[in-house]
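This briefing is meant for a reader who is meeting the structure for the first time.

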Amino acid sequence: MHWVNRIRNRFRAFTNIQAVDRDLDDEVMAHLEAAAAEYQSTGLSREAALLAARRDFGAVTQVMEDCREVQRMPWLANMGRDGAFAWRLLKRSPGFAVAAVVTLALGLGANTAIYSVIRGVLLRPAPLPSLDRLVMVWETDRTSGTTHEPASVPDFLDYQRRVRTLDALSALTATEVNLTRTTADPERLLTLRVSHDMLPMLGVATVAGRGFSEPEDRPGASAVVLISQSLARRLFERPEAALGQTVMLDERPQSIVGVVPDQTDFGVLQILSTAAYSRSFADRGQAARVDVWMPLQPNPATLPRETHPIFLVGRLAKDSTRAAADTELVSIAADLEREFPVNRGRGANVELLSDVIFGPVRPVLYLLAAAVFVVLLIACVNVANLQLARGATRTQEVAIRSALGAGKGRLFRQFLTESMVLTYVAAAVGVSLAYASMKGLLALAPADVPRMSFVSLDGTVLGGALIMASVVAITFGVIPALQARRVDLVTTLKDDGAGKGTAGPHRKRVRGALVVAELAAAVMLLSGAGLLIRSFWNLQRVAPGFDPQGVLKAEFQLPTSRYPVDRRVWPNAPKVHAFAGEVLAKAAALPGVTNVALAAAHPLDPGFTNSFRIIGREAEGVNWPEISVRPISPGYFETVRLPLVRGRLLADADQPEAPAVALINQAAADRFFAGRDPIGAQIRFWGIARTIVGVVGNERIQGLSSPPPIAVYVSIFQAPGAGVLLVRTARDPLTLSNAVRNVFRQQDPMLAVFGVESLDQALSRSISQRRFAMLLVTAFAAVALLLAGIGVYGVFNYDVAVRRRELSIRLALGAARSSIVRLVVNHALVLIAIALAIGISAAFGFTTLLSSLLFGVQARDPMTMLGVAAILAVIAIVASALPAWRASRIDPSRTLRAVD
Amino acid sequence: MKPVDLVQGTLDLLILKSLGAESLHGWAIARRIRQLSREVLQVQQGSLYPALHRLEDQGLIKATWGVSEQNRRAKFYSLTKTGQKRLDKEAAAWHRLASAITMVVSST
């Protein structure tokens, strides 16, 4: 089988070049020796004979090279030749090469960057092996209409006992603890209290030590904790060294029994922010790195059915589905509702954990993927156009090559190689761009995008980029190859070769279609960007109800060990009140500070809600939603500039011993006191009736895009529970950061202070996801517009160049210059009109992707569409008129006399 | 008489023919062709070796390493079965062509 030999030879020629060369050498030497021997036999000296033999042989290296050529794989050799040829060609037309490479690099780079984000966030396998089997069990509340509420402890224990469709049901709450050390400032650590079976259920194994045991999860059990790997490293160098150590958490010694791997983010932040209430640190906006794990120790005695503090995560039993679990838990909840009057209106709602985690980011990422794909499409169309234009001027070359015997396949390969060289260079540039922009992208991304830390340009992403580039390259290789198929050898060769002929009708149609395609794609992106910009604009114009400018916040939490709140003498808590009074006085004394206040929650923290009644209208109140309770110090209203609508504000005189008073916001007044005077009415919650003494404006405490909820304001001296210091200054509030930290350090050096930032920063972060989507889509739309403009310009520039003779004749015959411009622009207008029609109908589909990101504007907003149409039309008309105008400036006599 | 250039495409035939009887190394093939043509046909070394490698690649001849008369490691070529078949075919075709050309050229 000679082909076996052949393959072996080829392979050898490829892998063992030295051996092949040695063989060739030997063969030639044997030849020379033999020839020399013959010369010697005629009487020549050995030297002369060798010389003569060499002379006869000719160029030894040339012969050897020719021999090597035979053994090399011809297609490989051809590819190398084609590659070199393509490179030379591209170098000869640098304008085309640069335009094509830059265009494709933009498209490929943007796609690579977005793909790496999507892969990192959505596609990469989760660190949790059984993520797709995990579900969230929410409680629902028909009276307030919430579908995502945490559960009560007794409900959890009942669910756990009765459920069959889940083989595990585990609970968690998120909190924060102060870590105090002798060697450093106290710090605030994100903490989860979890059921003992939470980690095994998630499939997380400790890296050192053990998880919690069942007895440790009982109320009153000894204090044991797990800590994260990174905290263990920070405190004890090695995870193993942490075992058996004691740490001071909230000023209580806790013994470390295990270390949890760092990659255990199962979406805590997303779970918390999905919840209607009890968001805990979800609004902090920092990366959710949980450092401390404590046993939940659920105690129905201290946490009765009325309170809903815990989040339930379950694992589907074998053969069970989310729908089955939902059905079962809904019926269990219905049973509980019958059994316990306090559960009136309560139901259950089961969601896949992965939907909870990725639900909010999916639309944004899909939107970006779609946007970036459109950019790539436009880039491709542009390069296709360039290729078409260039192909037209290359028909001569193609014809000559065909005449010399180049087969269709050979020509096809040549074109393919050219477009590959082009595209891979572009891909390299694009990937570098993506790599360079990655940092910016990650910095821009909102912190609540899950698993952002997994985003990187790894091998898979590069592989994806390579595949993408290859598809693009093949597409572009095909276009000129197909064009070459249409080349008529005889007429082309007879032509004098200057591309005198006008573009054929076929080619003109193709270019027209491409122009329409890229303009339509640009319309889609532009309208998306337009809607997002308008939404963002609307959002920024929303009055938050308070004035964030010039306010610095600093958060803290008083440990109950040293700041006890005794229920029996409540609201009198001397230590807490003394702390509040002294901190307020110290902060007010800081230079540059105009107002100070303490509050349970800052104006962008939704805080907590409670059920309430208006005295005398108890029956009505059964169906009222919960109200946001906002404990504040009297200075709060001046500090955040929350206006008084009527009545009076809280005063320093509203002390624990004074009659209990409250303010309600306008929303509550409108809802519950329509046509009546709220002043003087009594509102009851937490077992105390308070007289309403005033009405204040609305604060958008749930974020700018949510309407302000009903709220009641009470003095922290009549409802202890401050957690944030607010300081107003006429200067840049951030300059006060250290001074404010110092206030706390002087007051209580054991206290951890966190979340020190301006309200402006907090406000800006609350809309960061929208900003992220808006900025990126706008950037892509700008690129798309630029590319489309360049594309239109390129096409019409070429069109005009091809028609130069025709236009010159028209001019020579007396056509006005303006009519020449009109002639070209009219053609452009037709294309623009078609493109707008297609683009806007496509945009309607595209913008529905956006609906969750829109605010105060409809997905089919006619004003936006009109604006987009106007922008695009202007750009396209300018891009087509420019070459037309240049064409009208030409001197017809010169063009017509010129020998092409 | 001056050596004449080979008619295009005939080198392969000459090589195959020269290898009909025994296996030879490159120089011996050139010598054989020279001798058989009574010094008329001079094979250019520059084309001989690429041709040999090409024929080997096509499986018409095969090579074995041996030792030349000068005690040199040399590559000896011999015909394969396919090579023999090709030789017969090409030789027949050549005869037809040559006699046809002779008829035309010598006609009066």
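Which residue in strand 20 of chain A is the bridge partner of A:Asn665? In this predicted model, the partner of A:Asn665 in that strand is A:Val696. The points below place this pair within chain A and then move on to chain B.

**The two chains in outline**

- Chain A contains 29 helices and 23 strands, and 45% of its 900 residues count as buried.
- Among the contacts in chain A with a separation of 6 or more, 82% come from residues 24 or more positions apart.
- Chain B has four helices and three strands, and these elements follow the order α-β-α-α-β-β-α from the N terminus on.
- In chain B, buried residues make up 33% of the 108 residues, and residues 24 or more positions apart supply 51% of the contacts with a separation of 6 or more.

- Strand 18 of chain A covers residues 661-665, and because five of its five residues are buried, the strand is largely enclosed by the rest of the structure.
- In a regular strand, side chains alternate between the two faces of the sheet.
- Both faces of strand 18 of chain A are covered, with A:Val661, A:Leu663 and A:Asn665 buried on one side and A:Ala662 and A:Ile664 buried on the other.
- Strand 18 of chain A pairs with strand 20 (residues 688-696) of chain A in the parallel sense, over five bridges, and the bridge between A:Asn665 and A:Val696 belongs to this pair of strands.
- Strand 18 of chain A also pairs with strand 21 (residues 711-715) of chain A, here in the antiparallel sense and over two bridges, with A:Tyr713 as the bridge partner of A:Leu663.

**Strand 4 of chain A and its neighbours**

- Strand 4 of chain A, which spans residues 187-194, is mostly covered, since seven of its eight residues are buried.
- Strand 3 (residues 166-180) of chain A pairs with strand 4 of chain A in the antiparallel sense over eight bridges, and a hairpin of six residues joins the one to the other.
- Strand 4 of chain A runs parallel to strand 9 (residues 292-295) of chain A, to which four bridges join it.
- A:Leu192 in strand 4 of chain A stands opposite A:Ala174, and A:Leu192 also has A:Trp293 in strand 9 of chain A as a bridge partner.

**Helices 1 and 4 of chain B**

- The axes of helix 1 (residues 11-18) and helix 4 (residues 81-106) of chain B come within 10 Å and cross at roughly 125°, which means that helix 1 of chain B is oblique to helix 4 of chain B.
- The crossing of helix 1 and helix 4 of chain B is left-handed.
- From helix 1 of chain B, B:Leu13, B:Leu16 and B:Lys17 meet B:Gly83, B:Arg86, B:Leu87, B:Glu90, B:Ala91 and B:Trp94 in helix 4 of chain B, and the residues of this contact divide into five nonpolar, one polar and three charged.

**Where chain B touches chain A**

- The contact between the chains takes 21 residues from chain A and 20 residues from chain B.
- On the side of chain B that touches chain A, the elements giving two or more residues are helix 2 (26-36), helix 3 (45-58) and strand 3 (73-79) of chain B, and helix 3 of chain B gives the most, with seven residues.
- By class, that side of chain B has five nonpolar, nine polar and six charged residues.

How values were computed. Residues numbered from 1 in each chain as written. Chains lettered and ligands numbered in written order. Predicted model: local features only at pLDDT ≥ 70, side-chain atom pairs only at ≥ 80, totals over all residues. Buried ≥ 20, exposed ≤ 12 C-beta atoms within 10 Å, placed from the backbone. Pairing = 2+ DSSP bridges. Contact = placed C-beta atoms within 7 Å. Nonpolar A, V, L, I, M, F, W, Y, C, P; charged D, E, K, R; others polar. Axes fitted to C-alpha atoms, helices over the stretch in contact; angles between N-to-C directions. Parallel < 35°, antiparallel > 145°, perpendicular 65-115°, else oblique. Left-handed = near helix turned anticlockwise from the far one by under 90°.
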